[in-house]
Structure formats: C-alpha cells, structure tokens
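Work through these exercises with the structure open beside you. Each task comes with a solution in short steps.

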Amino acid sequence: MSISDFSASRLTIPLSEPVSVAWQSPSNIALVKYWGKTGRQLPLNPSLSMTLSEAYTETKLTALPRESEGMVELDLWFEGSQNPLFGDRMQRFLQSVTDIFPWLTQVSLKLETRNTFPHSAGIASSASAFSSLSLCLCSLEAELFGIILTEEEFRLKASYVARLGSGSACRSLFPGFTIWGRSKALSGASDLFAVPFAEVHPVFRNLHDTIIIVNREQKPVSSSEGHNRMISHPFAEARIKQAKKNTIDLLDALKTGNKKTFIRIVENEAFTLHSLMMTSDQGFMLMQPETVRIISLIQELRRKTGLDICFTLDAGPNIHLLYFEDQIEQVNKLIVEHILKNDKQNVRIDDYCGEGPVKIG
Ligand code: PMV
C-alpha cells in the first residue's frame, strides 16, 4: 500500500454543521529503537515496540463550517486550556498533510486533547497524541465523504498519517507488539506505516512496564534533533545493520518465548540509543546519575534473584522496567524496597502491554 492508494477528498458543498469524532490512543515503548530518519519521515532502520495500556491520549476533533478556504485553521485545547505552543506544532502538522486531506483547508478545526499521564514523565506523549489525531482525521474523513475502508486499511492509513507527525506514533495503532520499517523477518513490514506482529508467545502477552521517573524536566536535546544527528553519525551504517539484526532476533524471541534473548536485545538497544547520542557530533547525554544507579541495580538484582527483569530507556533519563506477569509480586517488592528505597514520592507509573486505540465518539 502507498499513499496513492488513499483517495484525497475535497468538499463539493460547504459544511453546514459541525461534525465531531473522538479516539483514545495509547503510547508505546520501543524495544528496538527508531533513531535517525530520511525523506518524508522515513526510518533509517526498522523498530519494534510494545503498545502501552494505561498511558493514552484522548482526542476529540471537530470540523466546523468555514466561510472561505485557506491555511489550516485550528483552535487547540490541551487539558482544558488553550496551548499556543502545542497548537503551533499541531497546526504545522495538519498543514503538512493537506495533500492527503485537502478538505482540511475548507473547514475550521477544533482539537480537544488530554493525556492520562503527566507531561515529560518518560512516556512518549507525541506517540499517543499523533496516533489519536490521525485516527480522528481518518474517521472524520470517513464521515464527511462516506468512505468505507476495511478495519485493516483504516488502521494502516491512520498509521501512515501518524508517522508524518511523529515517527514512533505510527506504532501506536495496533495491540501488542508492532513493527515499523522494512525487515527481512516480516514480509508485510514497511517504512510507510507500522504493522502488528501477532505471533507472540503467551509469556510476552502481558508484559509489564513500570516507568520509574528520574526527572520530569524538558530534555536538553529534542528527538528531532537527535534523529538529525544520525545522518552524519560515524556509526550510522553499523547501527542500521545492528537494528536489522536485533529486529529479526527479537521477533524470533517473541515468537518462541525466549526471555533471555529478549532481555539481552532490549538492554542492548537502550544502551545503543544512548551511546549514539553521546558519540554524535556535539554529543549529548540524557542519562542522569540516578538513571545509571537504577540500571546497575536492575542488572545486579537480576543476577542475584534470577528474576527476568530488564530495563529500556526512551530518549530521556527515565527508566522503563520490564517484567513478566508471573513475577509481579516479587518485582513490586524489589521496586519498593530497592529501586525506590521506600520513597513516598509518586515516582512510578505502572503500565502493561495494551490492546491499542479505541473509538470513543
Ligand atoms: O517519534 P519520535 O520522533 O519522537 O522519535 C522517537 C525516538 C525514540 O523514542 C527514542 C525511539 C522510538 O523508537 O520510539
């Protein structure tokens, strides 16, 4: 499937009354990391993620009648307040997809959105924000023009559109585990949109992810800037090769239920992501002393207890602690007693493998 397979519709009669749709869409955590892009938001390497459950964005999009055609007109409300900075980003995104949705220049838009998780908590809010908005765009288009797509075509189109907002967002459209980027391991995998990977062994189906918040501050270097630095990175070629192999090996581990390989690859990917940041031109470091303390502790606790725990990191200092359904109680004890050291602060968010987006209006 390519973008030319999607019809680009224009209104022939001006809209006479408001039309609204709403979606809830989750964030995801990458296990094989997308880092570096080219062209129109195409990945340099394949990535593989787990869709989360509790961390999601609710988005309501309303198309309103408009007098005359022009640039995209957007009124954005984030958690009940107008937010000019976020509004500008979303306006730029919507303007950039008017080739796919020409009708966006013929209506006024109202976008109301809220997250279930705190800002900068180490959860990719762009993934849930752009996936929920893309679903709303596809649903609104379907209502305005009576377009009927199969469930699969609809999700792939929404994934394609979400990718243009934030690469990682295209992986949030599906339940469980998702791949974005061509891979020898999966014939349907594409650089244009993500696809679900359903052949997962039961041990991975209820994988847990506890996010340990080390720091909530805005990161000093954005993901977009980090992606740019991969273009001329001295290790780019080796990284692409490694990500391709890690994708193949991780898919195999997910299929066969191989926890040891899963842990090895997931931690290798987290370390690689942050090493690439540190070794890029004008290198930067997003890990903090507390990040390093907790990573060392997780590896030590795994050795000592034999529990199948491991960590991953996003582009930030916060830790994602991954563990299995049958070890929840033991791991929870380790988190409370060793990792958080009985700290009473609210520094953890408990999440788990999720079922994907839900239409809520
Ligand atoms: O989707 P972006 O442009 O915010 O990039 C996300 C990059 C990582 O979160 C670091 C890795 C990933 O694959 O999600």
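**Exercise 1.** In this predicted model, find how far a polar side-chain atom of Ser168 lies from an oxygen atom of the ligand.

*Solution.* Start at the side chain of Ser168. One of its polar atoms lies 2.6 Å from a ligand oxygen atom. Next, turn to the backbone. A backbone N or O atom of Tyr34 is 2.9 Å from an oxygen atom of the ligand. For Gly167, a backbone N or O atom lies 3.5 Å from a ligand oxygen atom. Now consider the cover. The ligand taken alone exposes 380 Å², and the protein buries 91% of that.

**Exercise 2.** Describe the shell: how many residues surround the ligand, and how do they divide into nonpolar, polar and charged?

*Solution.* Count first. The ligand is surrounded by 14 residues. The closest are Tyr34, Ser166, Ser168, Arg171 and Asp314. Then sort the shell. It holds 5 nonpolar, 6 polar and 3 charged residues.

**Exercise 3.** Locate the ligand relative to the domains: which domains give residues to the shell around it?

*Solution.* Domain 1 spans 3–200, and domain 2 spans 203–352. Their centres, taken over C-alpha atoms, are 26 Å apart. Next, check the contacts. In domain 1, 34 residues are in contact with 45 residues of domain 2. Last, return to the shell. Both domain 1 and domain 2 give residues to it, so the ligand lies between them.

Terms used:
Residues are numbered from 1 along each chain as its sequence is written. This is a predicted model: local features need pLDDT of at least 70, side-chain atom pairs count only at pLDDT 80 or more; totals for chains, interfaces and linings use all residues. Side-chain values use heavy atoms; hydrogens and water are left out. A residue is near a molecule or strand if one of its heavy atoms lies within 4 Å of it. A polar contact is a pair of N or O atoms within 3.5 Å; within protein, one must be able to donate a hydrogen and the other to accept it, and residues adjacent in sequence count only if both atoms are side-chain atoms. Accessible areas come from the Shrake-Rupley method with a 1.4 Å probe; for residues, only the protein chains shown count as cover. Ala, Val, Leu, Ile, Met, Phe, Trp, Tyr, Cys and Pro count as nonpolar, Asp, Glu, Lys and Arg as charged, and the others, Gly among them, as polar. Domain bounds come from an automatic or database domain assignment. Contact means heavy atoms within 4.5 Å.
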